[in-house]
2 protein chains.
Amino acid sequence: MQPTGHLRGDAVRVGGDARQRFYDARGYGRPLDGNEIALSRVEAAHLLFRGDLSGIELGGDAAGVSGGDPVGFERFFVASAAAADRFAVRFLVYSDLRDRGFYLSPAREPWPGGSDAPGDAVDFVAYERGETPDTGKVKYPIRVVGERESVAAAGLAGRTLAVVDEESDITYFAAEGGAVDGATDYEPPADLSGVLLADRVVVWDAPEGLYERGFYGRPLTGRAADVEGALQLSLVEAASLVADGRLALSTSVGDEGGVAGDDAARIVARGREVEGDRFDRRLAVYERLRGADAVPKTGFKFGADFRTYLDVETVEDLPHSEHLVRVVEADHRFSPRELSLDVRLAGGVRKEMVFAVTSVGGGGRGARAADWVRAADVEWVSVDRLTP
Amino acid sequence: MQPTGHLRGDAVRVGGDARQRFYDARGYGRPLDGNEIALSRVEAAHLLFRGDLSGIELGGDAAGVSGGDPVGFERFFVASAAAADRFAVRFLVYSDLRDRGFYLSPAREPWPGGSDAPGDAVDFVAYERGETPDTGKVKYPIRVVGERESVAAAGLAGRTLAVVDEESDITYFAAEGGAVDGATDYEPPADLSGVLLADRVVVWDAPEGLYERGFYGRPLTGRAADVEGALQLSLVEAASLVADGRLALSTSVGDEGGVAGDDAARIVARGREVEGDRFDRRLAVYERLRGADAVPKTGFKFGADFRTYLDVETVEDLPHSEHLVRVVEADHRFSPRELSLDVRLAGGVRKEMVFAVTSVGGGGRGARAADWVRAADVEWVSVDRLTP
C-alpha cells in the first residue's frame, strides 16, 4: 500500500517512511521534522502520476473539492492547475526531466534548490546526473516557458529554457554568455572616398585589399572603363569606415531632405531613415565585431543581421562562417517560436546563433557617431538546442 | 565607336542603327519611328555599364549636371538614383538577370512588357530564355524589393521576388498559389469528453484511434491507473473537435473570468485570451487543413504554425511531413528578412513553405464558431527560393 499525502497550503506533507523512501532515495521534496517530508505540488503530482502515492487529501480549501477522501492524479492535477501558476507546463517539464534520469528541486526557498536559483527566473534546478539535492551540484537551472509566453533577452545567459509547445512537447535551449573573437588582420586605408546612393555607398576607385583582404563591400563589375574597381558598401560598412575616419563622402544623392552635417552624421541619418533606431544598434554591433577582428557580413540569406568570419586571409579563400548574429534591443523579449526558428536554422547550417543584446546610450543622437558607437553596451548570448 | 544616347524625360533615345543593334538583336528598349529606340534608365545604364553606349547627354534638366557633354556610367548612375524610384536596386536586378542570359523589359507602358504586367507590383518581365520582347513569352514577372521594404502577402502568388540585400546580393523567390491536399482517412468519434486546463485540454479516456490514427493530441503516460489513455489536446485541436460537435467539455479550470456560454464559445474565448485574434485565424486554417484530409500538427520546432502530414495511416508509421504552414493576416506584409528565414529553414528540412493568408470575417465574434471558421477566407501562397 502506497502512502497518502496531505495538502497544507501549497505543499503536500507525507509521513511514515517518506523521508527515506522519497527524499533520501529519490530526491523528492524536503525533509521536515522526523521522517515527514514536504513536496511541492509538482513533485506530489509526479508521485501520484507514477503510482507512488495512493492519493492526496486536499483539505477543505481546494477549489471545488470538499475535504475528506484522498484524490487521485486527475483531480489533484485539475485542482493544482487552478491554484498554482503555470502548473501544467511545469509538471510536464518536471516529468520529462525525471524520465531522463535527473533529480530536481523547485528553485525557491525553502526547497533545497532555492539558494542556487538566480532570482525568480528559474523554476527548477536539475542536479548533475546521479547527484541528489544535498550535494547542491546543479547542472541545469531550468526556466519553464509556455510557447505563448516571452522571455527577456537580458540575463538569459546561463539559463536552460524548457519551452512547452501547444502540443505539450518540450524543446530545451541552453543560453550561454561569451563573445565573438576573431583573428582577421587587416587595416583599411585612411583615404577612401565614396558616394552615398540611397541606402548604399559606392567607392568608385577602391583599393584592391579593401574587398580582397578586408571583405568590405561587393564589387560592381562591368566593362565600362569607369566601373573598374568600383565597390558597393552597405550603409553599416560605410558608416563604420566613416566613424573610424577612413572614408569620406563625396557627391551625395537624395539627401536634400534635412540631412546635413559631417559625413558621419549624414550617413547615420540615412541609416536611421531606412532602419530607424535599429541602425544604431546594428552599427554598434558591427563595430564591436570588427574591433574583435571578426568580419561581419550580411546574414540576410539566413534571416539574421550578420554572419561572421573569424579569420579572413583573402576572399578567395574564405573560411566557413561560424556565427549568425541577431541584434536585439536591451529590453527585447524573445518569443519562443522565433527563438526556435533562429536556433533551428543556425543548427542546420552548422553555425552558432548569437544574440547581441544592445543598448546604445552614451551621448545619444547629438554625439559624434564614433563616440556613441563605442559607448554602446553589448551583451552576447549564444543559444543552442540541448538534449538533457 | 559606340553610339551616344540622349535623355528626354525619363527615357534615353538612341539613333543610328540602334534598333537593329540593341532592340532586334538583344532586346533592349522599344522601337520608335525609323531606327531610333527608347531605353528606360535602367536599360541605358546597363548598356553604359557594359561599354555598349559611349555616353549619355543628360540635357539641362538633370540634377546637378548642366547639359552638354555626354556622361559615363558613374554620373548617369548617380543622376538616375536621384531622379528615379529605387533605381539602384532595379539596376542590380536587371544586370543580374541579363548576366544570366535573360532579355527583360520594364513592366510598364509603353514598354513591350507593359501589357503583361499585373498592375504596378511588377518591375520587369523576364522572357523565356532565348525569347525576345516581341514574342511576349514571359517567364518571370519580377518584383524588385530592397531588403528594408515589405511585400504584401495578398496577391503575391504568381510573382517572382528579387530581394536586394544591404550588400547588394540578390535572392530570388518564386511565389505560387495552390493548396494543401491530403489523403488521411479518419473520422474522430462524436462522443469525446475533455477538461479545459489553462491552454490545453485533457481527454482522460481517449479512444485509441484518436491519437493512433487521427494523430490528435499527445498521450500523457504514467503508471497511475487513472492516467491510462489520457490524451492532451492543443487548444486548436480541441476547438476544432468542439466546433465539429465531437468533443464536449466537462469540468473546466480557471475560466471564472468571463468565459461562459457553450463549449465552442468557451474554448474559443480561452484561445483568444492566450493568442488574441491569431487564434481565430489558426483555427480556421487548422479546420481547412483537416477538411482537406491533411493532418496539421504544431510547427513549433520549425518556428511555423503547423507542419502537415498528407497521408497518415498510423502514428507508428508517419510519413515525412511535407509542408510548413505559417498563418498570416489578410493584410500582412512580409519583411524580406522573415521570408528569407522561413523559406531557408523549410528548404533545409525538405519541406515546402506555405503561407495561409487568412481573413476571418463572416459573422464575427458573436457567431457560432463552426460558422465563422467555415466562412473564413484562406489564400495559400507557397514560396520557394529560385535560381533563374
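Me: To begin, which residue in β2(A) does R8(A) stand opposite?

Reply: In this predicted model, R8(A) stands opposite A11(A) in β2(A).

Me: How do you know that strand β1 and strand β2 of chain A pair?

Reply: Two strands pair if there are at least two bridges between them, and three bridges join β1 (residues 4–8) to β2 (residues 11–14) of chain A, so the two strands, which run antiparallel, count as paired.

Me: What makes β3 and β5 of chain A the edge strands?

Reply: The open sheet has the order β3-β4-β2-β1-β5 in chain A, with mixed pairing, and β3 (30–31) and β5 (55–57) each pair on one side only. Helix α2 (residues 41–49) of chain A packs on this sheet, where it touches β1, β2, β4 and β5 of chain A.

Me: Why is T298(A) called buried?

Reply: T298(A), which lies in strand β17 of chain A, has a relative accessibility of 5%, and because buried means under 20%, T298(A) counts as buried. Among the residues that T298(A) touches are D305(A), F306(A), E147(B) and E167(B).

Me: Why is the meeting of E167(B) and K297(A) called a salt bridge?

Reply: The N to O distance between their side chains is 3.8 Å, and the rule asks for a side-chain nitrogen of Lys or Arg within 4 Å of a carboxyl oxygen of Asp or Glu, so the pair qualifies. Across the interface of chain B and chain A, the rule finds 12 salt bridges.

Key: Residues numbered from 1 in each chain as written. Chains lettered and ligands numbered in written order. Predicted model: local features only at pLDDT ≥ 70, side-chain atom pairs only at ≥ 80, totals over all residues. Heavy atoms only, no water. Helix = DSSP H or I, 4+ residues; strand = E, 2+ residues; numbered from the N terminus. Contact = heavy atoms within 4.5 Å. Axes fitted to C-alpha atoms, helices over the stretch in contact; angles between N-to-C directions. Buried < 20%, exposed > 50% of the residue type's maximum accessible area, 1.4 Å probe, protein only. Lists of a residue's contacts leave out its neighbours within four places in sequence.
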